[in-house]
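The sequence and structure come first, and the account follows.

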Amino acid sequence: MNPEKDFAPLTPNIVRALNDKLYEKRKVAALEIEKLVREFVAQNNSTQIRHVIQILASEFALSQHPHSRKGGLIGLAACSIALGKDSGLYLKELIEPVLTCFNDSDSRLRYYACEALYNIVKVARGAVLPHFNLLFDGLSKLAADPDPNVKSGSELLDRLLKDIVTESNKFDLVAFVPLLRERIYSNNQYARQFIISWIHVLETVPDINLLDYLPEILDGLFQILGDNSKEIRRTCEVVLGEFLKEIKKTPSSVKFAEMANILVIHCQVADETKLSNDLIQLTAMTWMREFIQLAGRVVLPYTSGILTAVLPCLSYDDRKKNTKEAASACNHSLMKLVTAEDDEDEEEEKSGSTESPAREDGQPKMEADSNDMLNASQESVGFSNISFFTPASAERPQVTLDLDGIVQVLDRHLHDSSTGMMTRIAVLKWLYHLYIKTPRKMFRHTDSLFPMLLKTLSDESDEVILKDLEVLAEIASSPAGQMDQAGVCDGTDSKLVLKVPDGAKAVQQHSTGSKAVDSSPSTPSMNSYFYKFMINLLKRLSQERKLLENRGAFIIRQLCLLLHAENIFHSMADILLKEEDLKFASTMVQTLNTILLTSAELFQLRNQLKDLRTQESCALFCCLYRSWCHNPVATVSLCFLTQNYKHAYDLIQKFGDLEVTVDFLMEVDKLVQLIESPIFTYLRLQLLDVENNPYLIKALYGLLMLLPQSQAFQLLSHRLRCVPNPELMRTVDESRYMDSKQQTASKRASHAQMDYNELLQHFDRVQSKHLEVRHQRSGRASDHPDRKLM
C-alpha cells in the first residue's frame with residue numbers, strides 16, 4: 001500500500017494501525033473509525049460516510065496485502081456499528097466486500113470476514129433481507145469450509161440470520177426459491193445440512209408458504225434423503241414429514257400433478273445395495289400412496305409411470321415389507337380410479353365437455369410442467385433407466401387415461417422373465433380390470449397382448465395361471481369383442497355353433513358401446529376371440545407336452561368354470577377333429593375325457609350327455625364322438641356315459657382289429673377303475689336290469705376279455721359275477737314294467753335319431769389313420785442306421 005496516498009478522512013495513524021499485523025492495533029483503529037463515522041452521522045454527512053466505506057472496501061478489504069484486508073474487514077464492521085439503524089442505507093457497500101473475502105485462501109481472513117458480517121447483520125437486522133440471497137449464497141459456501149473455526153463462525157452468523165427471517169414478515173420467498181433450488185443439489189455433506197436446516201426453518205414460519213414451491217425443491221429433498229449422514233437423513237425425514245402433514249391438511253392447494261413425476265423417479269431404486277436408497281424408495285412410495293388417495297383422478301395421466309415404479313415392489317420380500325405394503329396400497333387405490341367413463345371415446349368426451357357448464361375456460365388449470373426441472377435433476381443424480389411420463393392432459397378435473405402407456409408397461413413386465421410372481425399377478429389383475437372397465441379401448445390392444453397371455457399359461461405359479469385364464473376368458477366372452485374383426489379367427493368353422501347361456505344373450509344383444517356393459521366370465525357371451533383362444537391353447541399344449549401333462553387338466557377345468565363348459569368341449573372337439581398330429585390328438589382326447597368323467601366342474605355337462613333327451617345334447621355327443629375316435633377307449637367311455645351300450649359293444653368288437661399296446665391296456669384298466677367310481681353309479685345299477693341292458697353286460701364282458709389277468713381283470717370279473725339271474729328279477733307286474741321301458745326307450749329314440757353306422761365308419765377311418773401313422777413311424781425307426789436288431 002502506498003503510504004503517501006491520501007486516505008482522508010482517515011488519519012495516517014488509523015491507516016497505519018489498520019495495516020498492522022497485530023489484532024489489538026487494528027482494533028484500536030476500528031474504534032477510531034467508529035468514532036469518526038458517528039460524527040459524520042451526527043452531521044448527517046452521508047457523502048463522507050460513503051467515502052470512508054469506499055476507502056475501507058477498495059483500499060483495505062480488497063487489498064492484496066492480508067493484514068490490510070483484515071483491517072478493512074474490522075473497519076467495515078466498525079462503520080456498521082457506528083451507523084446503527086442507518087446502516088441499512090449503506091448495506092450493499094458494506095456487505096459485498098466482506099462476502100468477497102469469504103473466498104479468501106487464508107482461513108483466518110475468512111473467519112474475520114464471518115465476524116465482520118455478523119456485526120453488520122446484527123446491527124441491520126431486518127434491513128438485510130433485501131440482500132438475503134447474497135448472504136445465503138455466501139453462507140452456503142462457508143458451511144462446507146474445511147476450517148472448524150470458520151465453520152463455527154458461519155454457524156453463528158447462520159443462526160442470527162434465521163432469527164431475523166423468523167421474526168420478519170418481509171422475506172422474499174419468490175426471489176429465494178431459485179437459489180434454493182440450485183443449492184439443494186450440492187453433494188457436500190455440510191452444505192446439505194445447511195440447506196435442509198434452512199428449509200426446516202422456513203417451513204415453520206407461518207407467513208411463509210413454502211408448500212407452493214415444493215415441486216421445485218422436492219427432488220432435491222429426496223437427494224438429500226439419500227445422504228450418508230444419519231443426522232442429515234433424520235432431519236430430511238422430519239422436513240418431508242412436515243410437508244406431508246401440511247399436504248393432508250390443505251390438499252386443494254397442492255400441485256399434485258407437478259410432483260407426480262418426481263415421486264415416480266424416486267420410487268424406482270437405482271442401486272438396491274445402498275440402504276439410503278431403501279429409505280428414499282419407502283418415503284417416495286408413502287408419498288405416492290397419499291397423493292393417489294388425496295388427488296384422485298388427477299394422477300391418472302401418470303398411471304403408466306406409477307405402475308413402472310410400483311409393480312416391481314410388489315414382489316419384494318420381508319426385508320422391504322413396508323415398501324411392499326405401501327406399493328400394494330398405491331396399486332389398489334390407483335386401480336380403483338379407473339372407471340367405465342374412461343372407456344368413452346375422445347369425441348364423446350369433447351362433446352360432453354361442450355355441453356357441460358361446469359367445464360368453462362375459467363376452470364383452474366394445472367401449474368406449468370416441471371419436466372425441465374426433472375430432467376436437470378436426473379442429470380445431477382446420475383440415475384439410469386428411469387421412466388418419465390408426460391401427462392396426457394393438462395386440465396383439471398377432466399383427465400385422460402393413457403391406456404396405450406399403461407398397456408405398454410404391463411406388457412413389458414409380462415415379457416420380463418425376471419418379474420416376480422406377485423408382480424405378474426398384479427399385472428394380470430390390471431389387465432382384467434381394464435378389460436372390465438374399458439373393454440372397447442382395450443380390444444384395440446388385444447392382438448398384441450394375446451400371444452404373451454398364451455405364453456403366460458406356462459408359468460410356474462398356479463395363481464398366475466388362474467389370473468391369466470381370467471383375462472383370457474374375459475377377452476373371449478366380452479361383448480366388446482363381438483364387433484366385426486375380420487381375420488381375427490382364421491380357420492374358424494362356420495358350422496360351429498357355440499352355446500350362449502340365457503343370461504348372456506341379453507348382454508350380447510345390448511349395445512357394446514354402452515357404459516353399462518360390465519361383462520364378466522360368469523355370464524359369457526362368446527365372441528370371435530373365443531375360437532382363436534381355443535385354437536392357440538391347443539397349439540400351445542401340442543408344442544409343450546409338459547404343460548399338457550402337468551397343467552393341461554388344471555387349465556381346462558378352470559376354463560370350464562370361467563366360460564361355458566359345453567363351449568369349451570364343443571370347440572376343442574371340433575379343432576381336434578382336424579388335428580394332423582394324431583398322437584397329440586389321442587393324448588388330448590384322453591385328457592378331455594378324464595376331465596369330463598371325473599371333474600366336479602363338468603357335473604352339469606355330464607348330466608346333459610347322460611340321457612341325450614334333446615337335439616342339442618345329441619349334437620354335442622356327435623361332435624365329441626368324432627374327435628373321441630382318436631382314442632378308442634375314450635370313445636367307449638363316452639358311450640358308457642351317454643348310455644349308448646350297444647354302440648359301445650360294437651366298438652369293443654372292433655378292438656380285435658386294433659394294435660393292442662401296453663398304453664392301450666392301461667387305458668382299459670383306468671376305464672375299469674372309473675366304472676367302479678361314483679360317476680358310473682347309474683351304470684352299475686342298470687346291471688340289475690339284465691333283460692333291458694344286455695349290451696351293457698356284453699360290453700363289460702368285452703372289456704374283461706381284453707384285459708390280461710390283472711387287478712383290473714379281477715375287479716371287473718367280480719362285478720360281473722354280481723349280475724343277478726334275470727329269472728330271479730322278474731315280478732308279477734312284468735308286463736306293465738316292460739311297457740313302461742318300451743315307452744321310455746321310444747321317447748329317448750325320438751330325441752336321439754343318430755346314424756350309429758356312420759359313427760362306426762368314422763371310427764374305422766380315424767383308427768386306420770392312426771395305424772398308418774404308427775406303421776410309418778416304425779418303418780422310419782427300422783431304417784435308422786443306428787438301429788440294431790435285438
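## Terms and basis

A crossing is called left-handed if the near helix is turned anticlockwise from the far one by less than a right angle, and right-handed if it is turned clockwise. Helices (H or I, at least four residues) and strands (E, at least two) are DSSP runs, numbered from the N terminus.

This is a predicted model, in which local features need pLDDT of at least 70 and side-chain atom pairs count only at pLDDT 80 or more, while totals for chains, interfaces and linings use all residues. Residues are numbered from 1 along each chain as its sequence is written, and side-chain values use heavy atoms, with hydrogens and water left out.

## Helices α32 and α35

Two packed helices are described by the angle between their axes and the distance between the axes. Axes are lines fitted to C-alpha atoms, for helices over the stretch in contact, and angles run from 0 to 180 degrees between N-to-C directions. The axes of helix α32 (residues 645-654) and helix α35 (residues 694-706) come within 8 Å and cross at roughly 25°. The two helices α32 and α35 are therefore roughly parallel to each other, given that angles under 35 degrees count as roughly parallel, over 145 as roughly antiparallel, 65 to 115 as roughly perpendicular and the rest as oblique. The crossing of α32 past α35 is left-handed.

On the α32 side the contact (heavy atoms within 4.5 Å) is made by Tyr645, Lys646, Ala648, Tyr649 and Ile652, and on the α35 side by Tyr695, Leu696, Lys698, Ala699, Gly702, Leu703 and Leu706. By class, the contact of α32 with α35 has nine nonpolar, one polar and two charged residues, where Ala, Val, Leu, Ile, Met, Phe, Trp, Tyr, Cys and Pro count as nonpolar, Asp, Glu, Lys and Arg as charged, and the others, Gly among them, as polar.

## Helices α19 and α22

Helix α19 (residues 403-415) packs with helix α22 (residues 446-455) at an angle of about 25°, and their axes are 10 Å apart. That makes α19 roughly parallel to α22, and the crossing of α19 and α22 is left-handed. Val407, Asp411, Leu414 and His415 of α19 make the contact with Leu449, Met452 and Leu453 of α22; these residues divide into five nonpolar, one polar and one charged.

## Helices α4 and α6

Helix α4 (residues 66-83) and α6 pack with their axes 8 Å apart, at an angle of about 10°, and α4 and α6 are therefore roughly parallel to each other. From α4, Pro66, Arg69, Lys70, Leu73, Leu76, Ala77, Ser80 and Ile81 meet Leu109, Tyr112, Ala113, Ala116, Asn119, Ile120 and Val123 in α6. The residues of this contact of α4 with α6 comprise 11 nonpolar, two polar and two charged.

In the loop between α6 (107-124) and α7 (132-142) lies Arg125, whose phi is near 55°, a positive value in a residue other than glycine.

## The second largest pocket

The second largest pocket has a volume of about 670 Å³. Of the 23 residues that line the second largest pocket, Ser586, Thr661, Asp663, Glu667 and Arg774 are the closest to its centre. A pocket here is an open set of points on a 1 Å grid over the protein atoms alone, where a 1.4 Å probe fits, with protein on both sides within 12 Å along at least five of seven lines, and lining residues have an atom within 4 Å of a point. Grid points are joined across faces, edges and corners, and a volume is the space filled by probe spheres set on the points.

Helices α28 (582-598), α33 (662-675) and α38 (756-782) each supply at least two residues of the lining of this pocket, and α38 gives the most, with seven residues. The lining residues of the second largest pocket divide into six nonpolar, 10 polar and seven charged.
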